[in-house]
Amino acid sequence: MATNLETGEPEFWERSNCSDVLLGVQASASMPFVSKIVYVEGKPCLDGGCCVHIPYRWAMEEGYEKILVIRTRHRDFRYPDPEKQETLSLQIYRNYPAFAEKLSWSHRRYNAECDELQTLEDAGRVFVIAPSVTWSAAKLERDMEKLGRWYWQGCRDAQAAYPALREYLENAQNEPLGDCVR
């Protein structure tokens, strides 16, 4: 998923609608403010998180009954009021006003998405795995020991969530999962 700078909306790149999927992947990892704009199918794009941080709504709109969300931040994390980013977005991306507007509100939308995700999880509509501990990292973290600790913590968190995840998935299918999930 990438953000179309002309529309400010997400673009979901798949082999069926993208002649160079790797270019779509590159766009999806292109951070605003630091990366060059990537043109996919002639559309200027940057990271999909600029307009949609957690694409659970897309999965719901596509008709998926069970949705697994793996978060990279603790469940309670919310961004503080980001006025500085709003001003910067509108200045740097002034040639793409729809994108600049979306980006300027992205942290507030992230906070709203997290609140909605919690409601959906409480209702059993989605299953969320999130880090059990709060941690901080630079956008381009280079400390390999720190990254390694977080990786292994993520593995432990996933293992701890496995029984509940299995139950969530089995309840959806009305039949045991058997050997397809370990």
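Ala, Val, Leu, Ile, Met, Phe, Trp, Tyr, Cys and Pro are counted here as nonpolar, Asp, Glu, Lys and Arg as charged, and the others, Gly among them, as polar. The structure is a predicted model, in which local features require pLDDT of at least 70 and side-chain atom pairs count only at pLDDT 80 or more, while totals for chains, interfaces and linings use all residues. Residues are numbered from 1 along each chain as its sequence is written, and side-chain values use heavy atoms, with hydrogens and water left out.

Grid points are joined across faces, edges and corners, and a volume is the space filled by probe spheres set on the points. The whole structure contains one cavity of 30 Å³ or more. The largest cavity holds about 40 Å³ of space, and its lining consists of Arg71, Arg75, Arg78, Cys114, Leu117, Gln118, Glu121 and Val128. By class, this lining comprises three nonpolar, one polar and four charged residues. Helix α5 (residues 106–122) supplies the largest share of the lining, four residues; helices (H or I, at least four residues) and strands (E, at least two) are DSSP runs, numbered from the N terminus.

Val128 of the cavity lining also belongs to strand β6 (residues 126–129), which is covered on both faces, with Val126 and Val128 buried on one side and Phe127 and Ile129 buried on the other. Buried denotes under 20% relative accessible area, exposed over 50%, and partly exposed the range in between (1.4 Å probe, protein chains only). Strands β5 and β6 pair in the parallel sense over four bridges, pairing requiring at least two DSSP bridges between two strands. Within this pairing, Leu68 has Phe127 of β6 as its bridge partner.

In helix α4 (residues 97–104), the residues Phe99, Ala100, Leu103 and Ser104 are buried. The buried residues of α4 line one face of the helix, because they fall within an arc of 130 degrees when seen down its axis, the arc being that of the directions from the helix axis to the C-beta atoms.

With a disulfide defined as a pair of cysteine sulfur atoms within 2.5 Å, the count is zero. Cys45 is in no disulfide, the nearest cysteine sulfur, that of Cys18, being 8.9 Å away. Cys45 is buried, with a relative accessible area of 0%, whereas Cys155 is partly exposed at 24%.

How values were computed. On a 1 Å grid over the protein atoms alone, a cavity is a set of points where a 1.4 Å probe fits but cannot get out, and a pocket is an open set with protein on both sides within 12 Å along at least five of seven lines; lining residues have an atom within 4 Å of a point.
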